[in-house]
Amino acid sequence: MTRAQLSEAVYQEVGLSRSESALLVERVLNEIAESLLHGDSVKLSSFGSFAVRKKGGRVGRNPKTGEEVPIDPRRVLVFRPSHVLKDRVNAALAEAPAG
């Protein structure tokens, strides 16, 4: 799903204008991003949570040459789906026709 599709879904469901729906989606996504940039976690009930995790530096290997390569410490974004979302996805998968 794209931002445009999400905005269109908001437009269809909520009844705001298309431009207001696009602005609403943009603001929500910006708020989530800003919270994550500050190192806060974002929890969306019945959907899941986003968090920033710190990964330490380590030594990796180039799989082609076997040469050791240093990997710098970094922050990574992780998403953990809620059990409600997992159950919905699995229920939809079970209902899908095999083929």
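For a patch of charge, I count residues with over 30% relative accessible area and no salt bridge, and I join like charges within 9 Å. I kept in mind throughout that this is a predicted model.

**Entry: the charged patch**
I looked for positive charge on the surface and found R53, K55, R58 and R74 gathered in a patch. I then picked out R74, one of these four, and placed it in strand 5, which covers residues 74-81. R74 counts as partly exposed because its relative accessibility is 34%.

F79 has 34% relative accessibility, so I noted it as partly exposed.

Next I looked up S82, in the loop between strand 5 and helix 3 (83-95). Is S82 buried or exposed? I wrote down buried, because its relative accessibility is 16% and the cut-off for buried is under 20%.

I followed the side chain of S82 and found one of its polar atoms 3.4 Å from the backbone oxygen of S46. S46 sits in the loop between strand 1 (42-44) and strand 2 (48-55). At 41% relative accessibility, S46 is therefore partly exposed, whereas S82 is buried. I also checked the backbone of S46: phi is near 65 degrees, a positive value in a residue other than glycine.

Terms used. Residues numbered from 1 in each chain as written. Predicted model: local features only at pLDDT ≥ 70, side-chain atom pairs only at ≥ 80, totals over all residues. Heavy atoms only, no water. Patch = residues over 30% accessible without salt bridge, like charges linked within 9 Å, V, L, I, M, F, W, Y side chains within 5 Å. Areas by Shrake-Rupley, 256 points an atom, 1.4 Å probe, with all protein chains shown as cover. Salt bridge = Lys/Arg side-chain N within 4 Å of Asp/Glu carboxyl O. Lys, Arg positive; Asp, Glu negative; His and termini not counted. Charge placed at Lys NZ, Arg CZ, Asp CG, Glu CD. Helix = DSSP H or I, 4+ residues; strand = E, 2+ residues; numbered from the N terminus. Buried < 20%, exposed > 50% of the residue type's maximum accessible area, 1.4 Å probe, protein only. Polar contact = N/O pair within 3.5 Å; in protein donor to acceptor, adjacent residues only side chain to side chain.
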